[in-house]
Every structure is written in structure tokens, then in C-alpha cells.
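Here are my notes on the model you asked me to look over.

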Amino acid sequence: MKSTVTRREVVETGIALMIGFALPLRGKGDPEKNEFNAWVRISSNNQITVLAETPEMGQGTRTANIMMLAEELELDWSSVHWEQAPTIPRIYKDLLAGGSSGTIHTWPTLRKAGAQAREMLLAAAAHRWGVDVQQCHATDGAIVHTPSGRRVVYGDLVRDAVRLPVPDPDHVPLKDPKNFRLIGKPLQRVDIPDKVDGSAVFGLDVRRPGMLYAVIARPPHLEARRCTWMTPMQKLVQA
Amino acid sequence: MSTSIVVNGVSHEVNIVPSTPLLWVLRDTLNLTGTKYGCGMGLCGACTVHLDGQAVRACQTPVESVGTKKITTIEGLSHDRSHPLQKAWIAEQVPQCGYCQSGQIMQAAALLTSHSRPTREQIDDAMNGNICRCATYQRIRRAIQRAAGVTA
């Protein structure tokens with residue numbers, strides 16, 4: 001896939017790098033038609049966000065998604081922000097949880113997305129220093145020039161990295177599992193703290209301006225038919 | 001009519017039908033959504049809050065019955081997740097979906113107030129009415145034991 005990241009969907013303000021690639025199953029879709037997926041955001045102030053399709057419902061995918069990205073992108077996993085991917089069906093195809101599929105479905109996607117970002121950041125740093133990219137490595141949220149020890153954090157490379165071609169997702173190098181730092185190790189779930197102080201927001205907790213509430217009135221027996229109906233206010237007046 | 005209640009140390013005047021369950025005053029009037037609606041019939045424990053330190057089901061507590069008793073919700077248990085139960089809940093990785101956990105923690109907090117070092121039987125008795133659809137019961141028990149400093 002030959003494409004620069006000019007069609008990235010920047011959800012937040014500020015300079016941000018969105019890594020995306022066409023899903024292989026969609027036949028290397030034409031990037032000109034916005035057939036991109038986007039899962040990684042790196043802001044110039046070095047905040048790294050993973051956009052995840054599978055909603056967290058206590059099954060742990062939020063934590064697993066962060067681990068997958070942090071593994072390939074060589075990050076401190078606890079520094080990665082998580083964000084529910086927005087409802088853009090042409091980009092995000094699996095905004096659901098079910099069938100124990102969340103981790104399996106996001107595994108190739110997020111590892112490749114993280115690897116693409118890593119490779120682009122490596123290339124940007126090597127170009128800036130005028131060195132061979134083979135002499136550079138990614139570690140702990142930064143690119144390091146191995147021989148000299150020069151170091152630059154990801155956020156400082158974003159402006160350069162966004163101008164580079166996005167690596168082909170089918171050929172971007174993935175880490176050898178024997179080098180995994182995080183995957184395969186038990187970590188504390190990132191969704192739990194909000195669930196011990198009442199701050200976690202569930203469907204029932206969502207408040208919108210002017211929101212109305214409704215419940216389904218169920219009939220007391222089969223084939224019942226509605227004969228009269230009153231609004232709650234009418235009932236209150238009658239009472 | 002106006003009813004005066006004290007929630008998490010703050011006085012509120014709420015203009016509401018006096019028979020309204022405390023749960024709806026907390027959630028809809030005061031926007032304290034940490035307390036959950038589970039069954040509305042006092043069967044599940046998701047709406048557990050404290051009245052003067054005693055665990056009650058907010059869905060079965062008419063706001064007019066509260067009087068001057070001090071209401072504590074999960075939001076008022078601590079300001080920074082520093083309550084020993086909140087720390088223990090994180091350490092033991094208790095919640096899965098988390099929906100029942102506010103009620104679980106409030107029920108457990110009332111237990112530790114009355115029994116600072118509860119036996120396993122006392123824990124099970126106290127927590128018996130709090131249902132968890134994810135079945136996190138073993139971890140709930142361990143977290144209470146951890147917070148109380150008692151070993152299993």
C-alpha cells in the first residue's frame with residue numbers, strides 16, 4: 001500500500017499521527033476512497049492513544065488492546081490511553097463484543113498498527129539524524145540511535161513521521177514472540193479503578209440534555225390489546 | 001414538596017414526591033450515578049448505600065423515611081479510592097463488568113464497621129444479598145479479608 005497519511009482522521013485537536021491501513025480482506029482498498037482504518041494516535045505532546053473497536057464490558061479487552069499496542073510500539077503500557085473507536089462504520093467494522101472474539105479480532109489489527117507506527121517513527125528519526133535506520137531502535141517511547149545513544153521521544157517525531165509512507169500491513173515486521181515484554185504476562189486491568197468508586201459510566205448512567213426516559217409496558221397476558229393510554233403526566237394529574 | 005437530605009456530607013433540598021425511592025433521588029436528582037439500579041425490588045443489592053453507616057437498599061427506601069440520617073454513597077466512601085476496601089478491590093482485581101460492585105463495596109464497608117475482623121461466615125452472611133452476575137464472589141471475599149487484615 002503506497003500512501004502517505006494525508007487522509008488521517010484526526011479526532012482531537014493538535015498535531016497527531018494516526019496510523020491506518022486498509023484491511024487485507026477488503027482487497028487493499030483504494031486509500032483515495034478513505035478505505036483506512038485508524039487505531040493509533042500520537043500527539044506532539046507525546047500522548048499515545050489506542051482506539052479500540054471492542055467495547056470493554058469487564059472481559060479485559062481494553063487492557064489487552066493496550067498491551068498489544070504497547071508491545072509493538074515499545075511503550076510503557078501504563079502510559080497508553082484507551083479510547084472507544086467512534087462510530088464510523090466504513091473504518092471500524094467490529095464495534096461489538098461477543099463470542100469471545102474481541103482479543104482474537106484485534107490481535108492482528110493492533111499489532112500491525114503498532115508496528116507501522118514504530119517503523120515510521122524509526123524512519124523519521126534516522127532521516128533526522130542522517131543515519132541508517134538499521135542503527136536505530138525503539139525503546140520505552142523513544143527512538144534511540146544505538147551507536148551514539150542519541151534519543152528522541154515519539155511526540156517529537158510526529159511531524160516528520162506523518163509525511164512518510166505507511167508500511168504495508170502484510171509486510172510490516174512484527175516482534176518475535178520470544179521478545180514480548182508484556183503479552184503473556186498478567187497485568188492489572190485498566191478498567192478496574194473506575195469500578196471501585198462509582199465513576200465508571202454504564203449505559204444507564206448516560207445523561208444527555210433534554211433526555212427523556214421510557215420503559216416498555218408489557219401486557220399481562222398473550223394477545224392483549226391496548227385499549228387506553230395515558231402519558232405519565234396525565235396519570236399524575238388523575239392521581 | 002421539598003425534602004432535606006444529607007448526602008456524602010452535603011445538604012440538599014430536593015423537590016420531589018416524598019415516596020420516591022432514595023435511589024432515584026441519588027441517581028436522577030443529584031446525578032450520583034455510582035449507585036446502580038438492579039432490580040428495583042430489594043433483591044440484588046446493586047443500590048446499596050449507607051444510612052448512618054448501616055447498609056440499606058436505596059430502591060426500597062422512600063426519601064421521606066431518611067429524615068436526618070446521613071446518606072453515604074460509593075462516591076462518598078473516599079475521595080481518592082483510598083478506603084481499604086477500594087484498595088483491596090483493586091489489589092484482588094475484583095470487578096468484571098462492575099455494575100454490582102458499588103453495592104458490594106458499600107455492603108462490605110458496613111460489615112467492616114460492625115465487624116472489623118469478620119470471619120468467613122460473617123462475610124458470607126453479610127454479603128449474601130448482593131448478587132454478582134459475573135460471579136466474582138470468591139474475589140469479593142478475598143478482598144474483604146485483605147481489607148480487614150484477616151487471612152483466608
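1. Helices (H or I, at least four residues) and strands (E, at least two) are DSSP runs, numbered from the N terminus. Residues are numbered from 1 along each chain as its sequence is written, and chains are lettered from A and ligands numbered from 1 in the order in which they are written. Keep in mind that this is a predicted model, where local features need pLDDT of at least 70 and side-chain atom pairs count only at pLDDT 80 or more, while totals for chains, interfaces and linings use all residues.

2. Take the contacts in chain A between residues at least 6 apart in sequence: 66% of them join residues at least 24 apart. Contact here means C-beta atoms, placed from the backbone, within 7 Å.

3. The parallel pair. Strand S3 (residues 48-52) of chain A runs parallel to strand S4 (residues 81-84) of chain A, with four bridges joining them; strands pair if DSSP finds at least two bridges between them. Leu51(A) has Glu83(A) in S4(A) as its bridge partner. To get from S3(A) to S4(A) the chain passes through helix H1 (residues 61-73) of chain A, and this β-α-β crossover is right-handed, that is, with the strands pointing away from the viewer, the path from the first strand over the helix to the second runs clockwise.

4. Helix H2 of chain A. This one covers residues 102-129, so to speak 28 residues, and reaches 40 Å from its first C-alpha to its last, close to the 40 Å expected at 1.5 Å a residue. H2(A) does have a kink of about 30°, centred on Pro108(A); the bend at a residue is the angle between axes fitted to the seven residues ending there and the seven starting there. After H2(A) comes Gly130(A), with a positive phi near 65°.

5. The hairpin, and two positive phi values to look at. Strand S5 (residues 136-139) of chain A and strand S6 (residues 142-145) of chain A run antiparallel and are joined by four bridges, with Ala138(A) opposite Ile143(A) in S6(A). Two residues sit between the strands of this hairpin, and Asp140(A) takes a positive phi near 50°, although Asp140(A) is not a glycine. Asp140(A) counts as exposed because it has 11 C-beta neighbours inside 10 Å. Ser100(A), in the loop between S4 and H2 of chain A, isn't a glycine either, yet has a positive phi of about 55°. With 8 C-beta neighbours inside 10 Å, Ser100(A) counts as exposed.

6. The interface. Here 21 residues of chain B are in contact with 16 residues of chain A. On the chain B side, the elements giving two or more residues are helix H2 (74-77), helix H3 (84-91) and helix H4 (101-114) of chain B. By class, that side has nine nonpolar, 10 polar and two charged residues (Ala, Val, Leu, Ile, Met, Phe, Trp, Tyr, Cys and Pro count as nonpolar, Asp, Glu, Lys and Arg as charged, and the others, Gly among them, as polar).

7. Lys195(A). Buried or exposed? Lys195(A) is buried, because 27 other C-beta atoms lie within 10 Å. Its place is the loop between helix H3 (158-161) and helix H4 (232-238) of chain A. Leaving aside neighbours within four places in sequence, Lys195(A) is in contact with Ala200(A), Pro95(B), Gly98(B) and Gln101(B).

8. Helix H4 of chain B. H4(B) is mostly covered, with 11 of its 14 residues buried. Those buried residues pack against strand S3 (48-51), strand S4 (54-57), H2, H3, helix H5 (120-127) and helix H6 (137-148) of chain B. Ser102(B) lies in this helix and counts as buried, with 29 C-beta neighbours inside 10 Å. Not counting residues up to four places away in sequence, Ser102(B) touches Gly198(A), Gly34(B), Thr35(B), Lys36(B) and Ile74(B).

Notes:
Two residues are in contact if their C-beta atoms, placed from the backbone, lie within 7 Å. A residue is buried if 20 or more other C-beta atoms lie within 10 Å of its own, exposed if 12 or fewer, and partly exposed in between; C-beta atoms are placed from the backbone. The expected span of a helix is 1.5 Å times one less than its number of residues.
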